[in-house]
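Read it with the model open beside you.

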Amino acid sequence: MYYSYCESPIGPLLLTGDRNELSGLFFSTGSKARGADESWERYDEPFRKAAKQIEQYFSGQRKSFDLDLAPHGTEFQLDVLTALLEIPFGETRSYADIAERVGRPKAVRAVGAANGRNPIALIIPCHRVIGKNGSLTGFGGGLDAKQYLLEHELGRSGLFA
């Protein structure tokens, strides 16, 4: 497994994958903060395209990503990730909306768990999923980062706290 880091307004982002596909994007903050495993090899070249697109996203020049992705998960988790990719930039959906979208309307908690296991955060926009009442709920990168990302997509981002 190869890895690289790219800078962002919400802290360094860890990118993982092989020479062709991105299989992970992890935050350096929050409950799911992650660093590189010592068995991985630092190799920046395969991640230059992803890093450039992330830079464009944060500078307001990009609203979607065009990358080869290789997320890992169960069939249900991958269905949830596919549904997340369908949420437009600047919009949100509830966990119930996603459960409905994947054909399992009673599986709201399972959707929440699958959302929380998203291995390619930001690019697969799990930050766009909120509580049914509009509340910001758990986010592996921390609620401050989630708030920042949502505000950024609405054109209102300020400094990351």
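## Helix α5 and what follows

G155 comes after α5 and has a positive phi, near 75°. Helices here are DSSP runs of H or I with at least four residues, strands are runs of E with at least two, and both are numbered from the N terminus. This is a predicted model: local features need pLDDT of at least 70, side-chain atom pairs count only at pLDDT 80 or more, and totals for chains, interfaces and linings use all residues. Residues are numbered from 1 along each chain as its sequence is written, and side-chain values use heavy atoms, with hydrogens and water left out.

Helix α5 spans residues 143–153 and is mostly covered, with eight of its eleven residues buried. Buried means under 20% relative accessible area, exposed means over 50%, and partly exposed lies in between (1.4 Å probe, protein chains only). The areas come from the Shrake-Rupley method. The buried residues are A145, K146, Y148, L149, L150, E151, H152 and E153. Their cover includes β3 (22–27), α1, α3 (95–101) and β6 (129–130). Contact means heavy atoms within 4.5 Å.

## Salt bridges

A salt bridge is a side-chain nitrogen of Lys or Arg within 4 Å of a carboxyl oxygen of Asp or Glu. By this rule the count is six. One of them joins the side chains of R128 and E153, at 2.8 Å from N to O. R128 lies in the loop between α4 and β6 and E153 in helix α5, so the pair ties together parts that are 25 residues apart in sequence. Both R128 and E153 are buried.

Another pairs R42 with D44, at 2.9 Å from N to O. R42 is partly exposed, with a relative accessible area of 43%. D44 is also partly exposed, with a value of 28%. E91 and R93 form a salt bridge too, with their closest N and O atoms 3.1 Å apart. Here E91 is partly exposed at 35% relative accessible area, and R93 is partly exposed at 27%.

N115 lies in helix α4. Is N115 buried or exposed? It counts as buried, because its relative accessibility is 6%. Leaving out residues up to four places away in sequence, N115 touches V80, L84, Y95, C126 and V129.

L122 is found in the loop between α4 (108–116) and β6. L122 is not a glycine, yet its phi is positive, about 70°. Most residues other than glycine have a negative phi. L122 is buried, with a relative accessible area of 1%.

## A negative patch

Which residues form the negative surface patch? They are D18, E21, D66 and D68. Patch residues have over 30% relative accessible area and no salt bridge; like charges are joined within 9 Å, and nonpolar side chains (Val, Leu, Ile, Met, Phe, Trp, Tyr) within 5 Å. Asp and Glu count as negative and Lys and Arg as positive, while His and the chain ends are not counted. Each charge is placed at NZ of Lys, CZ of Arg, CG of Asp or CD of Glu.

D68 sits in the loop between α1 (48–58) and α2 (75–85). D68 counts as exposed because its relative accessibility is 53%. Setting aside neighbours within four places in sequence, D68 is in contact with N20, E21 and L22. D68 and C126 are 58 residues apart in sequence and 18 Å apart in space, C-alpha to C-alpha.

Definitions and conventions: Accessible areas come from the Shrake-Rupley method with a 1.4 Å probe; for residues, only the protein chains shown count as cover.
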